[in-house]
Amino acid sequence: MGKATGFIEYQRAANPSIAPEERINNFCEFHPPLDESARREQAARCMDCGVPFCQSGMNLAGMFTGCPLNNVIPEWNDMLYRGNWSQALSRLLKRSSFPEFTGRVCPALCEAACTCGLNDQPVTVRENELAIIEHAFANGLMTPRIPETRTGRRVAVIGSGPSGLALADRLNRRGHIVTVYEKNDRPGGLLMYGIPNMKLDKSVVDRRIKLMTEEGVTFKTGVDVGANMANSIIGDYDAVALCCGAGNPRDLNVKNRDAKGCYFAVDFLTENTKSLLEGRNPRVSAKGKSVVIVGGGDTGNDCVGTCIRQGCKSVIQLEMMPCPPLERTDGNPWPQWPRILKTDYGQQEAIALYGSDPRIYQTTVTELVKSDKKELSAIKTVKLEKVIDEKSGRANMMPVEGSEETLECQLLLIAAGFLGCQDYAAKAFGVKLNGRQTVETRPGSYATNVEKVFSAGDMRRGQSLVVWAINEGRQAASEIDGYLMGYSNPV
C-alpha cells in the first residue's frame, strides 16, 4: 500500500499558506496547492498500517475519530502516489459525495486517527483528497453522470445544505426524479452562506450545483416552504426529505440585548457573503469598530477573519471554557480526537495584525452598554471558574466575584452555537421534535412520524460538521430508496 518506506523518507508538508498580512486584503482562498511531485510524495507517506483507523470512524471517549464517511483513504492514497489519478478519483467518490467541500472545510477527523500520527506527523489526508478532486475537475474527469433510466419516483428535498445536496445527488444517481427547494436566493445552504469565501470559494459550490443540474437535479431557490406548500408537496411527491439545518442560534440573555450593533454570527457571515457575490458593501460591517465575538469555535474564528478583512479596529473572541492544553494529556491518547489548543486562520491573522491572540478564556458577557441612541458602545464581562457541584458531580462555570471588566465594543457577534432547527418547517410537515429541538426519527432510521417524510443532517442530528451532514444525507438516501423501491441499491 503506497511506498513502504514513504513515511520514513518524507516529512509531512502541508499546502503553503499566504502570509496573514497579505491574505487579509481580500476574501480569496489562501492555500495554493503543492505541485504534483510533492503531492505524490505526501501520498507516499500513507503507511501499510494494517488497521487504518483513519477510515474506520468510531466513537472513543465520547468523541468521534476517523472519517464518518468511511473513506477508503489508504486505497486512493496508494493510487495518488502511483500517479493513477482517475482510479484514485473512482475510489474517492465511492464514499465521498463532495470531496471539494470536505477537502477545504473538514477538521480532518481522519488525520487525528492516522497511524503515522502516533509517533510522527499524520498524512495530509484532507489535502490529498482535495488534490484528487481538483485534478479531476481541471482535467475533464468530472463530467455529468446522467442515469440511463428513471424510476418515475419523485422526491422533494427541503434545504440545499450539505445533507440535502448529498441526499439529492445519491437519489438522482439511482434514477429518481429529485427537486430541491431552497429558501435563499442561491443553493448551498451553509456551504454558500455559513462559511466565508476565503475558506470555501463560492465558485466551488456553484460548480457542483451546475454539475448536479446537468445530471438532472432541479433546484428551486427563493422558496421558503410553509404550511400550505407543505401539504401540496406531500401530495405531489412520493417522498420528502427535510434537510433544513439547525438554524436556531443560541442567544445572550443579558441586559440591553436590544442594543444596535448586536448580531448573530450566522446573519453577519451571510450578509458579508451576499455583499461579495452582489458586488456591494455589506450592510453590517466591522470597519473601524472594536469587535467582540462571543464563542470560541469555528464560527467565531470565521467571524474574526471576516472582521479583519472588513477593517475592524480591534477584535476579541470570548470563550467560556478554559484554554485547552498545547499537547495531548495522558487521558487523551491517540487515536482519540486531540483536545488541544488549535490556533486557526482568523486567530493567526489577529496575532499578526494586533500582536496578540484575540481569545480570552473563562469569560462571559453580563451586560451590554448602549448610548442614548441605543447604539452599542461597550460590554461588561466577568471571569468564570470551574466549580464541581457536590450533589451531581458536574462541573459548572461560575462567575468570579470582583473580576468584572468593561470592554469597548461597537459590534458584538454571537457565535455561541445553535439550539436545534427553526421549527416552522417541521410544524409545516407535522413532524415531531425532540427535547433538543431536532426532528425525532425512529431509532436507526431517518423516517419521521409522518408517512413518506424523512429528515437528515443538522435538522435531525443537531449542529455538527459538514462531513457528518454529508454522511446523514447519503444514509437517508439509501433508506428513502428502499422505501420507494422495496429494496435499496444506492449508486
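A crossing of two helices is left-handed if the near helix is turned anticlockwise from the far one by less than a right angle, and right-handed if clockwise. In this predicted model, local features need pLDDT of at least 70, side-chain atom pairs count only at pLDDT 80 or more, and totals for chains, interfaces and linings use all residues. Residues are numbered from 1 along each chain as its sequence is written, and side-chain values use heavy atoms, without hydrogens and water.

Helix α10 (residues 162-174) packs against helix α12 (residues 202-214) at an angle of about 25 degrees, and their axes are 11 Å apart. The angle makes α10 roughly parallel to α12 (angles under 35 degrees count as roughly parallel). Their crossing is left-handed. In the contact (heavy atoms within 4.5 Å), α10 supplies Leu165, Ala168, Asp169 and Arg173, while α12 supplies Arg208, Ile209 and Met212.

## Helix α5

Helix α5 (residues 73-81) is largely enclosed by the rest of the structure, because 7 of its 9 residues are buried (under 20% relative accessible area, with a 1.4 Å probe and protein chains only). The buried residues include Trp76, Met79 and Leu80. Among the elements covering the buried residues of α5 are α3 (36-44) and α9 (125-138). Just after α5, glycine 83 has a positive phi of about 80 degrees.

## An aromatic pair

Phenylalanine 53 and tryptophan 334 form an edge-to-face aromatic pair, 5.2 Å centre to centre with 75 degrees between the planes (ring centres within 6.5 Å make a pair, and planes over 60 degrees apart count as edge-to-face).

How values were computed
Axes are lines fitted to C-alpha atoms, for helices over the stretch in contact, and angles run from 0 to 180 degrees between N-to-C directions. Helices (H or I, at least four residues) and strands (E, at least two) are DSSP runs, numbered from the N terminus. Angles under 35 degrees count as roughly parallel, over 145 as roughly antiparallel, 65 to 115 as roughly perpendicular and the rest as oblique. Buried means under 20% relative accessible area, exposed over 50%, partly exposed in between (1.4 Å probe, protein chains only). Rings of Phe, Tyr and Trp (its six-membered ring) pair if their centres lie within 6.5 Å; planes under 30 degrees apart count as stacked, over 60 as edge-to-face and the rest as tilted.
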